[in-house]
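This report considers how the two parts of a chain are arranged and what lies between them. Please read it alongside the sequence and the model shown here.

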Amino acid sequence: MLHEALESKLGGEVVVRSTSVSGRIFVVARKVAWAVLNGPGALNFSSVLIRERVVSREDVEQVVAECRQSGGNFCETLVTWGLVPRDTMRDLLRRHMSEQLEALLSLTDAQAMFVPQPRTYSSQLTYGLDELIPTVAKPPTHPLVESEVMANVKQSLEETLKIEGAFAACLADSKSGMCLGSVGGNPAFNIETAAAANTEVVRSKMKAMSMLGIKDRIEDILITLGEQYHLIRPLSGKEGLFLYVALHRASANLAMARYKLSEVEKTLQV
């Protein structure tokens, strides 16, 4: 899967998920631009820099604030500000991403999906796969190959669009805000933009449940507009992923829509 991503002219994101951890690998211009692992014990790069005493916590906070304001790249800003020499940064980042990649590629129960998507990246700190993991000869075998996963997602979303009143649907990742597949929509309603915006809704509800100590799962979230229903259904056992469908209120049967969306969820293999 990773090799296929690196051969893609578009670049994009490889999403990896197992029962305990998840991760993403970003590919730009046929090189690895970033790799991140989410799960127990995982450390982000800024925490590694602080732990290794390369920079102080105050330095990191100032750089993060600057990047949020300017949209700049975190690592490049550290270099530009003279906090970390470029050669040192390149070596530290290479070691960190090597660890992240090795952890992701060693997962035996993982499923992976490549989402081709043109990406811009404001940094020259990218790496060939041989720089990160020289011994990797071929990608690991996953239960579903990319073409099968994408075909399944497309078929499931097309079934969603058959729900009475539905005019747009997508599968999205609330962690990255990315749309992993979409159907329908129109010039006045971009389903991918709507899904990205509604990742905040999903994250906020999960945070609220955690704060309240509610030990339960979200079955679905309904947003009622004057002329539309927006129905969000987080996937059971697939942390962060959710189905999102927009329906015309005048023609939709809400109870039937909720039932059929639950049936579509059962057919998804991601």
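The text below takes up model confidence, then the domains and their interface, and then the salt bridges.

This is a predicted model, in which local features need pLDDT of at least 70 and side-chain atom pairs count only at pLDDT 80 or more, whereas totals for chains, interfaces and linings use all residues. Residues are numbered from 1 along each chain as its sequence is written, and side-chain values use heavy atoms, with hydrogens and water left out.

The chain averages a pLDDT of 84, and 92% of the residues score at least 70, pLDDT being the predictor's confidence in each residue, from 0 to 100. Over residues 136-145 pLDDT stays under 50, and for this stretch the model has 20 contacts beyond four places in sequence, a contact meaning heavy atoms within 4.5 Å.

The chain is divided into domain 1 (1-132) and domain 2 (144-267), with bounds that come from an automatic or database domain assignment. The C-alpha centres of domain 1 and domain 2 lie 28 Å apart. Across the interface, 15 residues of domain 1 are in contact with 16 residues of domain 2. Together the domains bury about 1,200 Å², of which 57% is on carbon and sulfur atoms; buried area here is the accessible area (1.4 Å probe) that two parts lose on being put together, summed over both.

Between domain 1 and domain 2 the count is one salt bridge, that is, a side-chain nitrogen of Lys or Arg within 4 Å of a carboxyl oxygen of Asp or Glu. On the side of domain 1 that touches domain 2, the elements that give two or more residues are strands E1 (12-17), E2 (22-28) and E4 (111-116), strands being DSSP runs of at least two residues (E) and helices runs of at least four (H or I), numbered from the N terminus. E4 gives the most to this side, with six residues.

The structure holds 13 salt bridges, and the table gives two of them.

| Salt bridge | N to O distance |
|---|---|
| Asp-173 and Arg-17 | 3.1 Å |
| Arg-258 and Glu-219 | 3.9 Å |
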